Amino acid sequence: MLFRSKWLFLDDFRAIDDDFILIHRSNRRINPSYNYEKIIKENKNVSFLVCNNTDLYLDGYKIFRPSNIKEMAVIISKSNLFIGNQSAPLALASSLDVPRLAVLDLDFNNYIFYENESKYSNNIKCFI
């Protein structure tokens with residue numbers, strides 16, 4: 001039996017709908033094998049977390065552009081699934097222990113930091 005590995009707790013309960021999949025894909029550590037289009041087409045409530053102009057987003061979908069790290073954490077905590085590559089938002093999703101899919105790239109040896117995280121949380125899956 002696994003325990004929840006949440007170690008970041010928020011006291012900010014902004015009125016954000018909590019029935020959405022949140023996608024963040026930075027322009028680094030991209031795994032070209034993961035099909036973001038499929039998850040977007042198969043789900044109606046997809047939103048994008050955009051931290052800079054090179055992050056993935058699609059017009060016509062809700063876009064969150066947080067102004068600070070706390071706001072980013074609140075947005076991530078409200079999602080019912082976070083999908084992201086290795087970046088600060090994925091680290092926040094892990095600290096909040098939200099259901100998440102870590103899209104990891106074998107070209108960067110840093111994937112080792114997430115590949116065994118499922119030993120500590122039921123809320124993470126990895127795509128390598």
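What share of the 128 residues in the protein is buried? Buried residues make up 45% of them, where buried means under 20% relative accessible area, exposed means over 50% and partly exposed is in between, with a 1.4 Å probe and protein chains only. Keep in mind that this is a predicted model, so local features need pLDDT of at least 70 and side-chain atom pairs count only at pLDDT 80 or more, while totals for chains, interfaces and linings use all residues. Residues are numbered from 1 along each chain as its sequence is written, and side-chain values use heavy atoms, leaving out hydrogens and water.

Let's start with the layout. You'll find four helices and six strands, taken as DSSP runs numbered from the N terminus (helices are H or I, at least four residues; strands are E, at least two). Walk along the sequence and the pattern reads β-α-β-β-α-β-α-β-α-β. Of the contacts between residues at least 6 apart in sequence, 58% join residues at least 24 apart; a contact here means heavy atoms within 4.5 Å.

Now for the inside. The largest nonpolar core has 18 residues, and those with the most contacts inside it are Leu22, Leu49, Phe64, Ile76, Phe82, Leu90 and Val98. (A nonpolar core is a set of buried Ala, Val, Leu, Ile, Met, Phe, Trp, Tyr and Cys residues joined through side-chain atoms within 4.5 Å.) Helix H2 (69-78) and helix H3 (88-96) each put at least two residues into this core. There is also a second, separate core of 13 residues, with Ile23, Ile39, Leu56 and Val103 among its members. Back at Leu22, leaving aside residues up to four places away in sequence, its contacts include Leu49, Phe64, Ile76 and Phe82.

H3 deserves a look of its own, as seven of its nine residues are buried. Those are Pro89, Leu90, Leu92, Ala93, Ser94, Ser95 and Leu96. Their cover includes strand S1 (21-24), strand S2 (46-49), H2, strand S4 (81-85), strand S5 (100-103) and helix H4 (112-115).

Arg100, in strand S5, counts as buried because its relative accessible area is 2%. Its side chain makes a polar contact of 3.1 Å with the side chain of Ser94. (A polar contact is a pair of N or O atoms within 3.5 Å; within protein, one must be able to donate a hydrogen and the other to accept it, and residues adjacent in sequence count only if both atoms are side-chain atoms.) Asp105, in the loop between S5 and H4, is buried because its relative accessibility is 10%. Its C-alpha is 9.5 Å from that of Arg28, though the two are 77 residues apart in sequence. Gln86 sits in the loop between S4 and H3, and its C-alpha is 6.4 Å from that of Arg29, 57 residues away along the chain.

Finally, the rings. The structure holds four aromatic pairs; rings of Phe, Tyr and Trp (its six-membered ring) pair if their centres lie within 6.5 Å, with planes under 30 degrees apart counted as stacked, over 60 as edge-to-face and the rest as tilted. Tyr34 and Tyr36 make an edge-to-face pair, 4.8 Å centre to centre with 80 degrees between the planes.
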